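Please load the model in your viewer and keep the sequence panel open beside it.

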Amino acid sequence: MPVRRIVLLMFGVAAAAIAALIVWPRSAPQVPEAGTVIIRPAASAASSAPAPVPEPSASVPPQHSAVETAILASIGDPRAELRDVVTRRDAPQIACGEKRTARDPVFRRFVWLGHLKMLATDDGSPDFGTIAAVCREGQPVP
Amino acid sequence: MKRLSRAICTTLVSATALAVAQPAAAQSVPNAPTGPVETQYYANGPFATTTTRSTAACDSKGNQCDVFYPANIASSTTRLPLVVWANGTASTPDNYTIWLKHLASWGFVVVATRDQQTGYGNTALDSLAYMQAQDINPASPFYQRIDFAHVGAAGHSQGASGAANAMFHSGGVIKTTVTFELPNQNWCNPADNCLLTPTLTGGSGSIFYVSGTADSLIAPDTQSGGTQLNSQTAYYNATPAGMLKAKGLLKGANHNDVTGTPGCGLLGFLKACANGVYGYLGFPTAWLAWQLKGDATAGAAFKNGTGEFFTATAWQGRVSNIP
């Protein structure tokens with residue numbers, strides 16, 4: 001019957017899609033901190049595969065996740081860069097990683113509280129360590 | 001069973017009616033006032049209030065300003081003190097209407113830019129200039145109504161930095177500042193979008209640092225060390241001794257309680273708000289009434305160690321240098 005064929009066909013397509021997702025080659029996963037998941041590093045992961053080198057004059061804007069876009073907007077520096085941005089699995093409004101800006105070109109750790117739109121930067125003090133504890137899953141959400 | 005259901009329904013309806021009938025101030029809210037000064041200024045003042053919005057931009061970033069003021073300002077026989085308000089990050093005056101109307105009810109004119117990035121204080125100063133222009137405009141409701149000898153500033157979070165920066169860069173026009181949840185310098189991006197140490201230590205005026213004990217991540221009372229001002233105590237200690245200053249933390253208050261009503265935490269758990277603004281109404285208003293309206297009794301409440309502020313049950317971490 002035509003209906004049964006259509007159903008079987010749909011099942012077949014779905015199974016093929018699932019199998020493709022499972023066996024599809026991926027880039028090497030980065031190791032996240034316990035309780036966190038990587039969103040996307042700001043810099044492209046190094047790859048041994050040959051890749052086209054962009055023309056020096058070519059200006060390709062980097063792709064940013066929504067969280068990274070919000071963080072960069074809060075910094076307000078068009079030359080700011082992020083890397084190793086991770087979000088808390090149990091509190092996705094909180095993200096942690098490293099940033100640098102034109103005025104402070106060294107990558108420094110940061111903590112982002114998305115629901116408050118606030119960004120803390122590591123000043124090397126124990127107080128930042130207290131703030132950074134919020135990056136760990138299970139910690140109270142401010 | 002029907003009788004029981006009817007009784008439950010009757011009880012619920014009665015309780016709801018009672019809750020609706022009671023004014024907010026009479027309900028049991030956290031951090032209720034205890035002494036006479038806090039109780040006086042916790043309640044709304046004697047003036048009915050109204051609000052207007054500038055028809056054009058009032059600051060250099062193109063934002064409009066909201067102005068909260070006594071509704072009878074036209075018939076007032078005296079000029080009114082002005083408070084310049086600075087919003088927290090990504091906030092507008094809409095988030096602070098209870099607090100801003102409360103100030104207006106006590107006879108303050110409050111100008112609040114709708115700027116959402118106020119840390120530098122420049123837009124707060126722009127809003128001050130806007131009011132100065134209104135004061136000389138015969139078509140304005142504020143024509144010759146503002147007492148520019150008595151101007152204060154207040155702000156929340158990034159806006160707390162903005163309010164303090166506005167005072168320190170106002171050339172002495174702004175006499176006092178109340179900061180709510182002034183963030184650690186850790187949270188300043190970029191660094192000068194913050195109250196910086198050189199600005200603070202070179203300043204004059206008076207300042208009241210207000211935070212909440214549940215805001216330990218952003219505006220804590222104390223810090224472990226380091227050279228940055230990462231706590232309310234560090235800011236207080238860095239404030240020149242020649243300035244009148246005080247500091248206190250409202251028990252249980254989180255970063256955004258100044259924006260809320262009681263119960264804001266039920267649906268606002270992602271807003272860092274639990275108890276609402278109410279506990280903040282008393283002493284901060286009293287500080288401004290003292291500094292800008294000359295209420296000496298309100299000022300005495302902050303007297304170092306013995307003033308009413310130091311025995312108020314809702315507060316802790318209190319210090320002042322008020323003689």
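The stops begin with the overall make-up of the two chains and then move to single elements and residues.

**Before selecting anything**

This is a predicted model, in which local features need pLDDT of at least 70 and side-chain atom pairs count only at pLDDT 80 or more, while totals for chains, interfaces and linings use all residues. Residues are numbered from 1 along each chain as its sequence is written, and chains are lettered from A and ligands numbered from 1 in the order in which they are written.

**Stop 1: chain B as a whole**

Select chain B and colour by secondary structure, which comes to 10 helices and 9 strands; helices (H or I, at least four residues) and strands (E, at least two) are DSSP runs, numbered from the N terminus. Of its 323 residues, 54% count as buried, a residue being buried if 20 or more other C-beta atoms lie within 10 Å of its own, exposed if 12 or fewer, and partly exposed in between, with C-beta atoms placed from the backbone. Among the contacts in chain B with a separation of 6 or more, 69% are between residues 24 or more positions apart, where a contact requires C-beta atoms, placed from the backbone, within 7 Å.

**Stop 2: the sheet of chain B**

Next, select the strands of chain B, 9 of which form an open sheet with mixed pairing in the order 1-2-4-3-5-6-7-8-9; two strands pair if DSSP finds at least two bridges between them. The edges are strand 1 (49-53) and strand 9 (315-320) of chain B, each of which pairs on one side only. From one strand to the next, the twist averages 15°.

Within this sheet, pick residues 206-212 and 244-250 of chain B, which are strand 7 and strand 8, running parallel and joined by 7 bridges. Here B:Phe208 stands opposite B:Ala246.

**Stop 3: helices across the sheet**

Axes are lines fitted to C-alpha atoms, for helices over the stretch in contact, and angles run from 0 to 180 degrees between N-to-C directions. Helix 4 of chain B (residues 122-135) lies across strands 2, 3, 4 and 5 of chain B, at about 130° to strand 4.

**Stop 4: an enclosed helix and the core**

Is helix 5 of chain B (residues 158-168) buried or exposed? Of its 11 residues, 11 are buried, so helix 5 is largely enclosed by the rest of the structure. Its buried residues include B:Ser161, B:Met167 and B:Phe168, and among the elements that cover them are strand 3, helix 4, strand 5 and helix 6 of chain B.

Now show B:Val83, B:Val84, B:Val109, B:Val110, B:Val111, B:Ala153 and B:Ala163, which touch the most other members of the largest nonpolar core, a set of 114 residues. Such a core is a set of buried Ala, Val, Leu, Ile, Met, Phe, Trp, Tyr and Cys residues joined through C-beta atoms within 7 Å. Helix 9 of chain B (residues 278-293) gives the largest share of this core, 10 residues. Centre on B:Val110, whose contacts beyond four places in sequence include B:Val67, B:Trp85 and B:Leu103.

**Stop 5: B:Cys58**

Move to B:Cys58, in the loop between strand 1 and strand 2 of chain B. B:Cys58 counts as buried because it has 28 C-beta neighbours inside 10 Å.

**Stop 6**

Finally, select chain A, which has 3 helices and 5 strands in the sequence pattern α-β-α-β-β-β-β-α. Buried residues make up 25% of its 142 residues. Strand 3 (residues 91-100) and strand 4 (residues 108-113) of chain A pair in the antiparallel sense over 6 bridges, with A:Cys96 and A:Val111 as bridge partners. Strand 4 and strand 5 of chain A form a hairpin with 4 residues between them, and A:Lys117 in the turn has a positive phi of about 55°.

To end, show both chains together: the contact takes 19 residues from chain B and 21 residues from chain A.

Definitions and conventions
Contact = placed C-beta atoms within 7 Å.
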